[in-house]
Amino acid sequence: MSAVVVAVLNRKGGAGKTSLTKDLGFALADAGVRVLQVGLDPQSSLEVLAGLGFDTPPDRTVSRLLVPEEFGDPGQLERVVHETRWGTWLIPASKALASAERALGEPGRGGPSQRLKRGLQRLAAGERFDVVLIDCPPGMTPLTMNALVAADRVLVPTQLDFLSVAGLAVLTETVEEVREYENPQLGYLGIVGCQVEGRTRHAREIHAQLEQLFGRTAGGALCRATIRHSTRVRDAHAAGLAVGQLDPGHPVSADYRALAAELADRAGLELGAEVAR
Ligand SMILES: Nc1ncnc2c1ncn2[C@@H]1O[C@H](COP(=O)(O)OP(=O)(O)OP(=O)(O)O)[C@@H](O)[C@H]1O
Ligand SMILES: [Mg+2]
């Protein structure tokens with residue numbers, strides 16, 4: 001079976017893309033799924049959490065997949081894949097990704113939005129992993145386009161407040177455009193409420209609004225599971241671990257496990273029996 005490639009996407013900064021990539025990645029890996037994470041944000045947040053920092057040598061980063069012509073022959077391509085402390089593999093971003101991004105925008109560069117897809121093919125990522133989670137940068141850049149062309153599915157973390165939900169309308173238009181011109185197979189894996197503060201009336205209203213928005217355009221993509229707001233998520237970031245490792249009994253860790261089970265079901269992935277409850 002070929003891996004499901006997932007772009008974790010929201011144009012809005014701070015929506016929870018990187019946290020979701022890390023902690024959902026752990027929850028899936030812990031359930032026996034082979035997870036490859038791809039850092040596609042020059043801010044390198046995921047890489048900081050993974051203890052790699054900003055300065056991984058560029059030939060060991062995602063830049064090598066995007067602009068192979070800049071690297072000559074620096075040895076095995078395999079060297080771009082690093083092991084994480086949370087049971088997944090990671091192709092990291094680094095500071096150098098900013099210049100790769102500029103190169104993709106230059107006129108005359110071939111296949112500027114196909115490059116991540118091709119790079120993952122060269123690595124045979126589809127055969128070696130079950131899921132590929134791409135941590136996208138905020139905004140809509142050539143890097144994001146590469147993620148959307150490489151992906152089978154889009155996973156959208158969003159806060160459940162008025163402005164965040166309003167912003168999603170623009171995001172759905174972008175996904176529609178990519179589907180029309182670049183990647184007709186692209187669909188939604190899910191829209192997931194993150195940093196959810198209790199069950200307030202406002203949150204319920206927003207949830208209903210989302211159901212309307214995505215019920216129409218994305219076939220009920222809204223996830224039943226939500227990720228609550230918890231300081232333990234930040235504690236886990238500081239410890240360089242997934243929250244499910246730092247505090248497996250905490251309710252927010254259970255949220256990630258429930259989300260992993262729901263998304264695995266949608267994506268047709270098998271989970272280890274004791275976690276799939
Ligand atoms: N469930 C949560 N509870 C509490 N804080 C959270 C939770 N999820 C994320 N955060 C915090 O919210 C902030 C933004 O999260 P994150 O970096 O994952 O968002 P992002 O969408 O990747 O941001 P960017 O657009 O800058 O890449 C971080 O400080 C993170 O620790
Ligand atoms: Mg991020």
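In helix α7, the buried residues are Leu-143, Thr-144, Met-145, Asn-146, Ala-147, Leu-148, Val-149 and Ala-150. Here a residue counts as buried if 20 or more other C-beta atoms lie within 10 Å of its own, as exposed if 12 or fewer do, and as partly exposed in between, with C-beta atoms placed from the backbone. Helices (H or I, at least four residues) and strands (E, at least two) are DSSP runs, numbered from the N terminus. The model is a predicted one: local features need pLDDT of at least 70, side-chain atom pairs count only at pLDDT 80 or more, and totals for chains, interfaces and linings use all residues. Residues are numbered from 1 along each chain as its sequence is written, while chains are lettered from A and ligands numbered from 1 in the order in which they are written.

Helix α7 spans residues 142-150 and is mostly covered, with eight of its nine residues buried. The cover over those buried residues includes β1 (4-8), α3 (63-66), α4 (97-105), α5 (115-122), β5 and α8 (162-181). Take Ala-150, which sits in α7. Ala-150 counts as buried because 27 other C-beta atoms lie within 10 Å. Leaving out residues up to four places away in sequence, Ala-150 touches Val-5, Leu-116, Lys-117, Leu-120 and Ile-134; contact means that the two C-beta atoms, placed from the backbone, lie within 7 Å. Gln-114 is 36 residues away from Ala-150 along the chain, yet their C-alpha atoms are separated by 7.0 Å.

Two of those contacts of Ala-150, Leu-116 and Lys-117, are also on the buried list for α5, along with Arg-115, Gly-119 and Leu-120. The buried residues of α5 pack against α3, α4, α6 (125-128), β5 and α7. Just after α5, the backbone at Ala-124 takes a positive phi of about 55°.

Now for the sheet. Seven strands make up an open sheet in the order β3-β4-β2-β5-β1-β6-β7, with mixed pairing. The edges are β3 (82-83) and β7 (187-193), each of which pairs on one side only. Two strands are taken to pair if DSSP finds at least two bridges between them. As a general point, strands of a sheet pair through backbone hydrogen bonds, either parallel or antiparallel.

Strand β5 (residues 131-135) pairs with β2 in the parallel sense over five bridges, and β1 and β5 are likewise parallel over five bridges.

Three bridges join β2 to the parallel strand β4 (residues 89-91), where Leu-36 has Trp-89 as its bridge partner. Over at β1, three bridges link that strand to β6 (residues 153-158), again running parallel, and Ala-7 is partnered there by Val-154.

The largest nonpolar core has 83 residues, of which Val-6, Val-131, Val-132, Ile-134 and Ala-147 touch the most other members. Such a core is a set of buried Ala, Val, Leu, Ile, Met, Phe, Trp, Tyr and Cys residues joined through C-beta atoms within 7 Å. Apart from neighbours within four places in sequence, Val-6 is in contact with Val-131, Val-132, Leu-133, Ile-134, Ala-151, Arg-153, Leu-155 and Leu-189.

As for ligand 1, 19 residues surround it, the closest being Gly-13, Lys-17, Thr-18, Ser-19 and Pro-138; the cut-off is a C-beta atom, placed from the backbone, within 6 Å. The elements giving two or more residues to this shell are α1 (17-30) and α10 (231-239). By class, the shell holds five nonpolar, eleven polar and three charged residues. Ala, Val, Leu, Ile, Met, Phe, Trp, Tyr, Cys and Pro count as nonpolar, Asp, Glu, Lys and Arg as charged, and the others, Gly among them, as polar.

Finally, the UniProt record (an unreviewed entry) places the feature "domain: AAA" at residues 5-186. UniProt positions follow the numbering used here, feature names are shortened, and annotations may be inferred rather than shown by experiment. The end C-alpha atoms of residues 5-186 lie 10 Å apart, and the span is 40% helix and 14% strand.
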